[in-house]
Amino acid sequence: VKEAVYYSVALFLFAVALLCKEQAIVLPLLLLLYEFCFPDVGGNGNTGWRLRLSGFVIVAGGYLLWRKMILGGFLTSFVSNWGEFYLRLKSFPALVMNHIQTIFLPVDLHYYRSYDILLPWVLPCLSFIFLGIACILIWCVLPKNRQALFGFGLGWFALAILPTIIVPLIHEYSL
């Protein structure tokens, strides 16, 4: 009974989070990543995680349906202009490096930050590749009991920034 109450509260708070900040839509993917990285946590043989995850998927689906009814679409029309979508994908490494720079060197912080997707992308792409190789090397030298934690941290970072990179946040400036 106690677990059912906690689960219900978690689903309710997830729904509230979706209404506050749409980026919370990645929570089901984050829970799936957690189950993948830490399959034996809890000591019960990992039974029932699919059922628990399905509640979050249903809430996310309900939110997307509600959003479609209210706004007329699931997402912005980010595929209406394939050229701009291509430019955003091409600037993906630079945006990731920008996020990492903000984590380790937090200067010039303010509410609205934008990135010009027309800037040269070769140097950020090489930096992104170097960072990827460094992450793989770090993962390989970590002890087995720390590899899952490292992978989970990288996955969390990737899932958290994915919506802001693929879908423009300020629609009128991006389309």
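**Reading a predicted all-helix model**

Me: Does Gln-147 count as buried or exposed, and at what relative accessibility?

Reply: With a relative accessibility of 9%, Gln-147 counts as buried. The cut-offs are under 20% relative accessible area for buried, over 50% for exposed and partly exposed in between, using a 1.4 Å probe and protein chains only. Gln-147 sits in helix α7 (residues 144-166). Leaving out residues up to four places away in sequence, Gln-147 touches Trp-139, Cys-140 and Leu-142; a contact means heavy atoms within 4.5 Å.

Me: What should I know about the model before I go on?

Reply: This is a predicted model, in which local features need pLDDT of at least 70 and side-chain atom pairs count only at pLDDT 80 or more, while totals for chains, interfaces and linings use all residues. Residues are numbered from 1 along each chain as its sequence is written, and side-chain values use heavy atoms, with hydrogens and water left out.

Me: How do I read the confidence, and where is it lowest and highest?

Reply: pLDDT is the predictor's confidence in each residue, on a scale from 0 to 100. The protein chain averages 81, and 81% of the residues score at least 70. Confidence is highest in α1, at 93, and lowest in helix α8 (residues 171-174), at a mean of 45. Over residues 169-175 pLDDT stays under 50, and the model has 9 contacts beyond four places in sequence for that stretch.

Me: How many helices and strands does the chain have?

Reply: Helices are DSSP runs of H or I with at least four residues, strands are runs of E with at least two, and both are numbered from the N terminus. The protein chain has 8 helices and 0 strands. Of its 175 residues, 26% are buried. Among contacts between residues at least 6 apart in sequence, 72% join residues at least 24 apart.

Me: How would I check the length of a helix such as α1, and which of its residues are buried?

Reply: The expected span is 1.5 Å times one less than the number of residues. Helix α1 (residues 2-20) has 19 residues and runs 27 Å from first C-alpha to last, close to the expected 27 Å. Its buried residues are Leu-11, Phe-14 and Leu-18. Viewed down the axis of α1, they fall within an arc of 60°, so they line one face of the helix; the arc is taken from the directions from the axis to the C-beta atoms. On the face turned away from the buried side are the exposed residues Lys-2, Tyr-6, Phe-12, Leu-19 and Cys-20. The cover over the buried residues of α1 includes α2 (27-37) and α3 (49-71).

Me: Which residues make up the largest nonpolar core?

Reply: In soluble globular proteins, nonpolar side chains tend to be buried together. A nonpolar core here is a set of buried Ala, Val, Leu, Ile, Met, Phe, Trp, Tyr and Cys residues joined through side-chain atoms within 4.5 Å. The largest one has 8 residues: Leu-11, Phe-14, Leu-18, Ala-24, Phe-56, Val-59, Ala-60 and Tyr-63. Both α1 and α3 supply at least two residues each, and α3 gives the largest share, 4 residues. Apart from this core lies another, of 6 residues, including Leu-33, Cys-37, Phe-38 and Phe-152.

Me: How many aromatic pairs are there, and how do I describe one?

Reply: A pair of aromatic rings is described by the distance of the centres and the angle of the planes. Rings of Phe, Tyr and Trp (its six-membered ring) pair if their centres lie within 6.5 Å; planes under 30 degrees apart are stacked, over 60 edge-to-face and the rest tilted. The structure holds 8 such pairs. Tyr-63 and Trp-66 form a tilted one, 5.9 Å centre to centre with 35° between the planes. Both lie in helix α3, 3 residues apart, about one turn of the helix. Tyr-63 counts as buried at 10% relative accessibility, whereas Trp-66 counts as partly exposed at 40%.

Me: Which parts of the chain does the pair of Phe-92 and Phe-128 link?

Reply: Phe-92 and Phe-128 form an edge-to-face pair, 5.8 Å centre to centre with 80° between the planes. The pair links distant parts of the chain, 36 residues apart: Phe-92 is in helix α5 (residues 92-104) and Phe-128 in helix α6 (residues 122-141).
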